[in-house]
Amino acid sequence: MVTLADVRALALTLPRTTEAVVRGRVKFRVGRIVYLAFSRDETLMGFGFPKEEREWLVGTEPDKFLMPRGSDLRYNWAVVRLDAVDREEMRGLVVDAWAMVVPKSVSAPYRE
């Protein structure tokens, strides 16, 4: 099972990333743009994800991925249950979400 500590250890190595606590929720961002956010109980992680691919993602693995709450549907955002992913998959989700908010020249060395 992946934990907030696992995600933190990776996210804070990514250039321009900062951690913040907003209304009791841990968030990782670049500048003012949030690319990861945790539920208060740290069981769910919201992450940047192309909204045009979101229904496909949730439809392929509904036990793992969730649609964001209604107020977040307008954003490039999806949600994952942390107990349903391993560290390798978490790494891909985190790096891809981060890459959405930094210049391509910054993310290129981190993309596989």
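Predicted model: local features only at pLDDT ≥ 70, side-chain atom pairs only at ≥ 80, totals over all residues.
Leaving aside residues up to four places away in sequence, K64 is in contact with V79, V80, R81, A84, V85 and E89. K64 also forms a salt bridge with E61, in which the closest N and O atoms are 3.1 Å apart, and E61 itself is partly exposed at a relative accessible area of 33%. E61 and K64 belong, together with E89, to a network of salt bridges.

A search of the whole structure finds five salt bridges, among them the following pairs.

| Salt bridge | N to O distance |
|---|---|
| R87 and D6 | 3.0 Å |
| E19 and R8 | 2.7 Å |
| E61 and K64 | 3.1 Å |

The salt bridge between R87 and D6 has its closest N and O atoms 3.0 Å apart. Because R87 lies in helix 3 (residues 87–99) and D6 in helix 1 (residues 4–11), this pair ties together parts that are 81 residues apart in sequence. R87 counts as exposed at 54% relative accessibility, whereas D6 is buried, with a relative accessible area of 15%.

E19 lies in strand 1 (residues 17–22) and R8 in helix 1, so the pair ties together parts that are eleven residues apart in sequence. E19 counts as partly exposed at 32% relative accessibility, and R8 is likewise partly exposed, with a relative accessible area of 28%.

Definitions and conventions: Residues numbered from 1 in each chain as written. Heavy atoms only, no water. Contact = heavy atoms within 4.5 Å. Salt bridge = Lys/Arg side-chain N within 4 Å of Asp/Glu carboxyl O. Helix = DSSP H or I, 4+ residues; strand = E, 2+ residues; numbered from the N terminus. Buried < 20%, exposed > 50% of the residue type's maximum accessible area, 1.4 Å probe, protein only.
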